[in-house]
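Please read these notes with the model open beside them. They are meant for someone who has not looked at it before.

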Number of protein chains: 2
Amino acid sequence: MSEAKGVQKHFEVLKTHNNARRGRLQTAHGVIQTPVFMAVGTKATVKAMTPEELVECGTQVVLGNTYHLHLRPGEKLIKKMGGLHQFMNWNKPILTDSGGFQVFSLSGLRTLTEEGVEFRSHLDGAKYFISPEKSMEIQMDLGSDIIMAFDECLQYPATDEQIQKSMDLTYRWLLRSKAAMTRKESLLFGIVQGGLDLKHRMKSLEQVTSVELPGYALGGFSVGEPIHLMHELLPHVAPLMPADKPRYLMGVGTPTDLLIAINSGVDMFDCVMPTRVARNGTLYTWQGKVSIKRNEYKEDPSPLDPECDCYTCRNYSRAYLRHLFLSGEILGSRLNSIHNIYFYMKLMERSRAAIENGTWDEFFLSCIQKFSKKD
Amino acid sequence: MSEAKGVQKHFEVLKTHNNARRGRLQTAHGVIQTPVFMAVGTKATVKAMTPEELVECGTQVVLGNTYHLHLRPGEKLIKKMGGLHQFMNWNKPILTDSGGFQVFSLSGLRTLTEEGVEFRSHLDGAKYFISPEKSMEIQMDLGSDIIMAFDECLQYPATDEQIQKSMDLTYRWLLRSKAAMTRKESLLFGIVQGGLDLKHRMKSLEQVTSVELPGYALGGFSVGEPIHLMHELLPHVAPLMPADKPRYLMGVGTPTDLLIAINSGVDMFDCVMPTRVARNGTLYTWQGKVSIKRNEYKEDPSPLDPECDCYTCRNYSRAYLRHLFLSGEILGSRLNSIHNIYFYMKLMERSRAAIENGTWDEFFLSCIQKFSKKD
């Protein structure tokens with residue numbers, strides 16, 4: 001695979017079904033089959049799971065959070081330990097975010113300038129400063145396979161003026177991010193902002209994609225907006241993103257959100273949702289969501305999801321999962337996390353198969369209908 | 001294997017080294033090699049671990065707590081789910097305690113009569129009543145392989161009069177426990193009480209062993225006494241227990257405690273210590289105890305214990321374990337629990353080997369010396 005100018009071509013679309021795409025992305029730690037859901041490993045661990053369990057669930061790539069890892073244990077320490085892959089014992093691809101999202105959610109604790117962002121740690125109040133150059137340096141020290149450009153992520157709602165100003169800053173920071181990226185093994189992705197308004201999104205898309213990069217992301221979703229606004233915008237925005245590059249929708253979302261985004265042409269996802277709600281006893285099944293603490297499962301000897309063959313469903317009953325949850329046992333968090341991650345990975349696997357074999361429309365609609373009852 | 005009167009013989013001493021014994025105990029769910037450490041699975045789960053991980057660590061038998069399981073989810077529910085083995089997905093032997101220890105630690109919440117004990121649940125204050133007959137019924141419903149007689153467990157210190165009265169009650173309750181035991185697949189063990197005084201212990205031992213049973217336990221340790229009192233008493237008491245029956249020291253203890261007890265002739269142990277301290281960041285190694293949060297491990301790329309080949313030591317650095325602990329990550333509790341359980345199981349395995357091949361004295365002394373530095 002090579003492009004006209006001799007630049008390595010990392011992404012290939014293998015098949016399309018209307019807007020939906022089936023592709024493969026080459027990284028320094030192996031190939032990622034898309035559409036793909038990336039498990040979130042904020043603090044160098046996907047909560048409650050081992051790397052082996054992630055692989056058994058079909059996880060192809062893990063996301064690390066630059067903000068959290070910078071604060072603790074620090075990227076220099078991780079670099080000394082051989083990089084994030086070795087530190088956390090994960091030999092497959094790693095994507096790191098830029099720190100932008102976390103920093104900008106620290107409202108009141110941060111000061112934004114053209115140069116970058118000064119903020120106080122949520123751990124101990126210590127002062128930190130992250131610029132595009134610093135974000136690149138951290139992510140390169142971590143040894144990420146996919147590095148995200150440093151962007152400003154606005155909360156919802158924002159005024160037209162705020163959005164315009166933020167987009168322009170994000171563009172200038174993207175240029176600085178690219179200039180600061182010197183690690184050849186890593187792929188830099190740019191982030192499209194622009195809020196929930198199509199004209200702003202198109203303007204940001206134009207700015208960001210004017211910079212030649214191995215991938216592009218949609219940022220600024222899951223920031224408090226009514227979810228139907230994202231559902232309505234995605235079919236208009238995603239198909240306009242470069243067709244020959246991976247498209248990554250950041251921080252999204254429910255199974256329904258993922259399906260709607262795939263149907264719009266998105267290739268990559270990450271979200272804390274499957275592991276976070278698992279720890280709170282909410283489980284995704286092919287029949288819709290299940291709250292495991294409900295009394296109806298008290299003496300239910302059947303597996304959580306009869307359609308599922310994950311470790312949890314193969315070995316434990318709903319009655320046992322309910323007991324572990326009500327008892328606050330760590331094994332409950334583990335078994336629930338394994339199930340939800342497996343479900344998400346299987347949803348992606350089935351989506352890939354459906355796009356490949358031309359059954360995407362039926363698969364998409366039947367899932368949306370089943371999930372919409374409770375999802 | 002059969003005894004003179006045609007009674008099934010469950011236990012066999014294969015080798016002795018002075019008082020130390022190497023044996024095997026046959027149960028309905030398989031053979032237990034002794035000396036053995038039983039992992040504590042209070043609420044139908046050994047905290048933070050799966051059954052497969054327990055097996056990988058060398059765990060032969062798990063202990064369930066009658067008091068906790070009676071309160072939640074209830075033995076009738078577990079019986080409906082196929083028994084405790086099936087409920088928690090553990091196919092090897094299970095021992096259950098009688099509920100006595102937990103009930104008696106509920107001081108102020110309980111009323112003791114000849115008939116049994118009335119107490120209030122620590123969960124919701126509801127009233128419960130456990131008698132010897134009830135304890136047997138619960139344990140039989142759970143489907144335990146080894147069932148403990150219902151006893152009174154005194155706190156330390158106690159007066160001579162209290163101890164005598166309690167021992168006599170324990171004896172009468174043992175007779176009722178045996179009479180109530182109707183499950184042929186289960187082995188009933190009697191519990192010797194008598195505090196920290198040799199004459200009381202010998203009296204209780206005489207009472208309890210006058211009842212023919214497949215095993216006997218030493219209860220009433222780990223109840224607040226200075227540990228040297230137990231260390232001094234064990235060599236006098238354990239060898240007096242029936243030589244052809246397994247001897248179980250309940251609720252004990254540190255690696256040093258276990259070695260001293262094995263040296264005195266004890267065969268079986270259980271304790272929450274390895275998993276509890278693991279969650280608090282204290283790890284047992286062949287060089288002594290390690291507190292993983294210490295600053296000296298911050299950038300330490302070496303495994304926790306270079307002598308250990310558990311999953312944790314094979315795959316993770318001290319720096320990573322420290323990071324997980326300081327970050328409060330569930331994976332930290334998991335990896336630490338795996339290591340400590342593995343260490344305890346390996347300590348038992350090496351003890352068995354040392355007794356077998358005549359190197360017990362050297363093994364015993366070298367361990368005591370190494371562990372005493374920090375243990």
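1. Basis. This is a predicted model, in which local features need pLDDT of at least 70 and side-chain atom pairs count only at pLDDT 80 or more, while totals for chains, interfaces and linings use all residues. Residues are numbered from 1 along each chain as its sequence is written, chains are lettered from A and ligands numbered from 1 in the order in which they are written, and side-chain values use heavy atoms, with hydrogens and water left out.

2. Interface. Of the interface residues of chain A, 100% are also interface residues in chain B, so the copies meet through the same surface. Contact here means heavy atoms within 4.5 Å.

3. A sheet in chain B. Three strands form an open antiparallel sheet in the order S7-S8-S9. Strands are DSSP runs of E with at least two residues, helices are runs of H or I with at least four, and both are numbered from the N terminus; two strands pair if DSSP finds at least two bridges between them. Strands S7 (110-112) and S9 (127-130) of chain B are the edges, each pairing on one side only. Four bridges join strand S8 (residues 117-120) of chain B to S9(B), and B:Arg120 has B:Lys127 as its bridge partner in S9(B).

4. Helix H7 of chain A. Helix H7 (residues 160-180) of chain A has 21 residues and reaches 30 Å from its first C-alpha to its last, close to the 30 Å expected, which is 1.5 Å times one less than its number of residues. Its buried residues (under 20% relative accessible area, 1.4 Å probe, protein chains only) include A:Ile163, A:Met167, A:Trp173 and A:Ala180. Among the elements that cover them are helix H6 (132-142) and helix H8 (198-209) of chain A.

5. Cysteines. How many disulfides are found over all chains? The search finds zero, a disulfide being a pair of cysteine sulfur atoms within 2.5 Å. For A:Cys367, the nearest cysteine sulfur, that of A:Cys308, is 14 Å away; A:Cys367 is buried, at 1% relative accessible area. For B:Cys313, the nearest cysteine sulfur, that of B:Cys308, is 3.8 Å away, and B:Cys313 is buried at 7% relative accessibility.

Conventions
Buried means under 20% relative accessible area, exposed over 50%, partly exposed in between (1.4 Å probe, protein chains only).
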